[in-house]
Amino acid sequence: MDLTIAGVLTLDGLTNGAIYALLGIATVLIFTVTRILFIPQGEFVAFGALTLALFQTGQVPGTVWLLLVASAAAFLLDLRMLLRTPAAPGRARAVLRLALGQLVLPALIAAVCVWAAPRDLPILLQGLLTLLIVTPLGPLTYRLAYQSIAEASVLVLLIVSVGVHFVLLGLALFFFGAEGFRNPPFVDARYALGPLNLSGQVIAIFVVFVLLMALLKLFFGRTLYGKALRATAVNRLGARLLAISADAAGKLAFAMAAFIGALSGLLIGSTTTIFYDSGFLIGLKGFIAAVGGGLASYPATAVGALLLGVAESFGSFWASSLKEAIVFTLILPVLLWRSLYTPHHEEH
């Protein structure tokens, strides 16, 4: 191996590591706010990449109908809960807001997607439509699968996560089929950096990674919603006493995670072929990075993900058949070190 090959492998590893970092950060966000180990985080990646792929072929993606059905189910559950409460002067307005948010808005998104699908719009617009479809699936997943058992133990929530993973996996197979798709890049350009050849899509991945990290720092440090999420993550009971809704915090965390997952899918959709089940393996590597950060630290998760991506890249060069085994073995010393030297609760 010479320096050129090492540089190419390092660049490839950092590119993959940036995606793992985003997914790891989403995993940490959901866990700290809701105590849910969200196994299906990678499914949002596959949904994002494959929804865009179907737009590219002029078809209406099945995720549009999933959005409508899930929104209608969430509306019925929330309406039932609302009607069970004693009648109050503002209940009619609450029902109207509920209908606008969970019936009218998803219907408008679906109508725009059905209109736009056969019109071969620019890929950037198709990417925006993809984000509009996949991002609401995050809070809808929380509402339908987790909200009613939000106070259950971490183990129960983990078991539900496994069930949600299989449901989303089956839906992905039904919507997109077993065939893989590879999307065109958003930025079709190439730049020379010494012996390295940088594509515009790789640069876009790094730019998005840095921007999202900066935006998350501003969001958690400067905005009311970010501080509410931090308060919920530190002390759920204390946050409730301060009138911070745990359900609203959970939905917001899931919405951010779904957005990050869908955006990651859009970014990597041109660098590799995505199948209906590709998201699980990608999300699992983000989960390993999150575990490396103790499921609590965003900077440690990001650094761990970048190192994981580099290790994967060099591992694939030296022993490609053992690439995945090398990556997943890296979690063992991290878990051993944390179990011995890091204080943790019994549930953890």
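## Two salt bridges

Asp78 pairs up with Arg143 in a salt bridge, and their closest N and O atoms sit 2.6 Å apart. (A salt bridge here is a side-chain nitrogen of Lys or Arg within 4 Å of a carboxyl oxygen of Asp or Glu.) Asp78 belongs to helix H3 (residues 63-84) and Arg143 to helix H6 (residues 137-146), so this pair ties together parts that are 65 residues apart in sequence. Helices are DSSP runs of H or I with at least four residues, numbered from the N terminus. Both Asp78 and Arg143 are buried, where buried means under 20% relative accessible area, exposed over 50%, and partly exposed in between (1.4 Å probe, protein chains only).

This is a predicted model, so local features need pLDDT of at least 70 and side-chain atom pairs count only at pLDDT 80 or more, while totals for chains, interfaces and linings use all residues. Residues are numbered from 1 along each chain as its sequence is written, and side-chain values use heavy atoms, leaving out hydrogens and water.

Searching the whole structure turns up two salt bridges. Glu312 is in helix H13 (residues 298-318) and Lys285 in helix H12 (residues 278-292), so the pair links parts that are 27 residues apart in sequence. Glu312 is buried at 6% relative accessible area, and Lys285 is buried too, at 5%.

## The nonpolar core

Now for the greasy inside. A nonpolar core is a set of buried Ala, Val, Leu, Ile, Met, Phe, Trp, Tyr and Cys residues joined through side-chain atoms within 4.5 Å. The largest one has 73 residues, and Ile36, Phe47, Tyr146 and Ile282 touch the most other members. Helix H2 (residues 41-56) gives this core its largest share, 10 residues.

Leaving aside residues up to four places away in sequence, Tyr146 touches several residues, including Ile36, Phe38, Leu157 and Ser161; contact means heavy atoms within 4.5 Å. Ser161 sits in helix H7 (residues 154-176) and is buried, at 0% relative accessibility.

## One face of helix H9

Which residues of helix H9 (residues 224-234) are buried? They are Gly226, Ala228, Leu229 and Thr232. Looking down the axis of H9, they fall within an arc of 160°, so they line one face of the helix; the arc is that of the directions from the helix axis to the C-beta atoms. The buried residues of H9 pack against helices H1 (3-34), H8 (200-222), H10 (236-241) and H11 (246-268). On the face turned away from the buried side, you'll find the exposed residues Leu224 and Val234.

Definitions and conventions: Helix = DSSP H or I, 4+ residues; strand = E, 2+ residues; numbered from the N terminus.
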